[in-house]
Amino acid sequence: MASNEMRRISDLETLKAFGHPLRMKLYRALYISRKATASQLAEQVDEAVSLVSYHLRKLADHGLIEEAERQGKDGRERWWQPASKGLTFHEEDFSDAPEKVATHAAVGRLSFDQHVELYRRYIDSAQSWPQEWRSAASGSEYLARLTAEELSALSREMHQLIDRYEELGRARDEAGDTEGRENVAVHLYAFPFHT
């Protein structure tokens, strides 16, 4: 990846470009694979290569992905990689106009819907995973009474913990320790609510 920092999306046009269902799936697939061609990604998302190429170019136009060093012998293939460690978008960057609020909410809902679909696929296929993976997987809900400051601190600590494990796994994977290693999704939501 070009940058080892998270990319904070704070402009409406980039958020709109990212907020397309296929682009979000492509970004996730590319993030997992680290580097891939449109053909490889098209297989993963079950779409035509031409359509995938178009959406990859749109992501690249907004600096969300970038061309990667060519892999293999076929110099005609265009390789892509994420342009940063990951993406974040925050409500406060989009709260000053109704269109921004609506777009931020729509992208948040779409992201959540894709997370739910990913988890549903796991639930539906759980019995096909070995027992050690079924035992390691978890799903929890915690209900706490916190201040906004405490919630912010909790969120920071959770992100730091996950970053530490992600970096450890990536480093070991790149060093060749691939035995028993699988893609793992961790979804966190922390928000206030009224009963």
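**Notebook: core and helix packing**

I began with burial: 25% of the chain's 195 residues count as buried. I note that the model is predicted.

Next I looked up the overall layout. I find 7 helices and 5 strands in the chain. Along the sequence I read the pattern β-α-α-β-α-α-β-β-β-α-α-α. The C-alpha trace spans about 60 × 50 × 30 Å along its principal axes. I also checked contact range. Among contacts with a separation of 6 or more, 65% are between residues 24 or more positions apart.

Then I turned to the largest nonpolar core, which has 25 residues. Ile9, Phe18, Leu26, Leu41, Val52, Leu56 and Ile65 touch the most other members. At least two core residues come from each of α1 (12–18), α2, α3, α4 (49–61) and α5 (98–125). I see that α2 gives the most, 7 residues.

I followed up on Ile9. Setting aside neighbours within four places in sequence, I list its contacts as Thr14, Leu15, Phe18, Leu64, Leu87, Thr88, Phe89, Asp93 and Phe94.

Last, I examined how α2 meets α3. Helix α2 covers residues 21–33 and helix α3 covers residues 38–45. They pack at an angle of about 115°, with axes 10 Å apart. I therefore record α2 and α3 as roughly perpendicular to each other. Their crossing is right-handed. On the α2 side, Leu22, Lys25, Leu26, Ala29 and Leu30 make the contact.

Technical notes:
Residues are numbered from 1 along each chain as its sequence is written. This is a predicted model: local features need pLDDT of at least 70, side-chain atom pairs count only at pLDDT 80 or more; totals for chains, interfaces and linings use all residues. Side-chain values use heavy atoms; hydrogens and water are left out. Axes are lines fitted to C-alpha atoms, for helices over the stretch in contact, and angles run from 0 to 180 degrees between N-to-C directions. Helices (H or I, at least four residues) and strands (E, at least two) are DSSP runs, numbered from the N terminus. Angles under 35 degrees count as roughly parallel, over 145 as roughly antiparallel, 65 to 115 as roughly perpendicular and the rest as oblique. A crossing is left-handed if the near helix is turned anticlockwise from the far one by less than a right angle, and right-handed if clockwise. Contact means heavy atoms within 4.5 Å. A nonpolar core is a set of buried Ala, Val, Leu, Ile, Met, Phe, Trp, Tyr and Cys residues joined through side-chain atoms within 4.5 Å. Buried means under 20% relative accessible area, exposed over 50%, partly exposed in between (1.4 Å probe, protein chains only).
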